[in-house]
Amino acid sequence: MRRIRANAIAILTVAWILGTFYYLWQDNKPQTSPSSASQPRAAGARIHGQKGSSGRLEIHREDRTIPLILMGGFEEKAYLAGKQMKPGEDPYREHAFNLQESNRLGSERAIRDTRHYRCASVNYDADLPPTSVIITFHNEARSTLLRTIKSVLMRSPASLVQEIILIDDFSSDPEDCQLLSQIQKVHCLRNGRREGLIRSRVRGANAASAPVLTFLDSHCEVNADWLQPMIQRVKEDHTRVVSPIIDVISLDNFAYLAASADLRGGFDWSLHFKWEQIPIEQKMARSDPTLPIRTPVIAGGIFVMEKNWFNHLGQYDTHMDIWGGENFELSFRVWMCGGSLEILPCSRVGHVFRKRHPYDFPEGNALTYIKNTRRAAEVWMDEYKQYYYSARPSAQGKAYGSIAERTALRRKLNCKPFRWYMENVYPELRWAHARTQVHAHRCTHKHKNTRTPGGGVEFRAACHPNEAGVCGIRRVCVCVCV
């Protein structure tokens, strides 16, 4: 009996080893069929368009690097050597990620195709419109910025990328951008002073010559066939604003990690962005994992939008400063003024998520974020802005400038009320709203609303932390007071 058991164990062990070798062999086979599209493949997979009998673009791939002709007179080694770490220097100090590791990787590398395998069998129109890729940056690491640009050139159909517009937001070294303009299709615009992400993107959009705008952060790596799904959706409906699933690039070792395909953008009443699970009823209705995901808000760093629609909706609120809150303002405006927001599972882009901002805010990070989000709340959230002030009491009394132009834009566009947004786009907010309504009768102190410098009505929370049962979001009292 022992001998039989030992033989059985030996056979199972050999079978397991052979199975492992077979799996690894399959994993490294050249990808020649859609069924193998979800396996890793070499960097720079070229995409060819060939019109099939259905009139849609069929995708074929072969390994490639950027043709030397596209690099023009750009000297990559000299460009990267111009900014090297000093011995003993903290690799996280300047950029809030491991610069040493980024430099070690170089400008090209293979990343894993993280899409669902069914994405490889999706076909796209052969006559998709081209796009202008807009990348803004301020003192970005050269290796990271160059890798972002080259990933776009390597993993996008040449016919779809009309240009890459770099907006140098007054970086310390003008050559960070100027030298990159030697690469074909890359144009460099430099701000004469620090403007921030929002105004820099508007400048890039105004300079764009393509009918579709693609906004991209400066520390990204696009994945296989990332562009076609987004342009296809925008071509089918010009009011759509679409975003990829944003994979994670580790700030420590730059490992490329797949993000969940069951997430969408959300927020709490303090206008703090968060990733959240798709509601169960939507998840149950999704029979096809390649279908778009409706999202109440987008993260804001990476999205595609038709240029005419971007202009029609008022671009960005350029009175917002540096960074933060612009994604809420854009998301509310798109939904409430006739458009929609989607996340596309068949489009994947890796992004380095940092734990801190490596640059300074003229008025400080907190005050800038409060100013920007308060502008969004005052213009778009109607009577529900009181919950923003309850969840973020430090915003009360803070200056946010004139909002006359944005409120006039909202009237001109005949946008829907925020109540419509809550009921039709983000009904999950109603649960938090209901909790505040329950607490309303427990208010023991009442304060009158006061006028703000911007002309709006400022909500004063009247409840105290020691009153039982009245504190809601983040231990802040959210009573409905008059």
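A residue is called buried when its relative accessible area is under 20%, exposed when over 50%, and partly exposed in between (1.4 Å probe, protein chains only). With that in hand, Cys-188 is partly exposed, because its relative accessible area is 22%. Please keep in mind that this is a predicted model, in which local features need pLDDT of at least 70 and side-chain atom pairs count only at pLDDT 80 or more, while totals for chains, interfaces and linings use all residues. Residues are numbered from 1 along each chain as its sequence is written, and side-chain values use heavy atoms, leaving out hydrogens and water.

Let's follow the cysteines. The structure holds three disulfides, a disulfide being a pair of cysteine sulfur atoms within 2.5 Å. Cys-188 bonds with Cys-177, their sulfur atoms 2.0 Å apart. The link of Cys-177 and Cys-188 is right-handed, with 140° about the S-S bond. Cys-177 is buried, with a relative accessible area of 0%.

Next come Cys-119 and Cys-346, whose sulfur atoms sit 2.1 Å apart in a disulfide. The S-S torsion of Cys-119 and Cys-346 is about -85°, so this disulfide is left-handed. Cys-119 and Cys-346 are both buried.

Finally, Cys-337 and Cys-415 form a disulfide with sulfur atoms 1.9 Å apart. Its torsion of about 100° about the S-S bond makes the Cys-337 and Cys-415 disulfide right-handed. Cys-337 is buried at 11% relative accessible area, and Cys-415 counts as buried at 13%.
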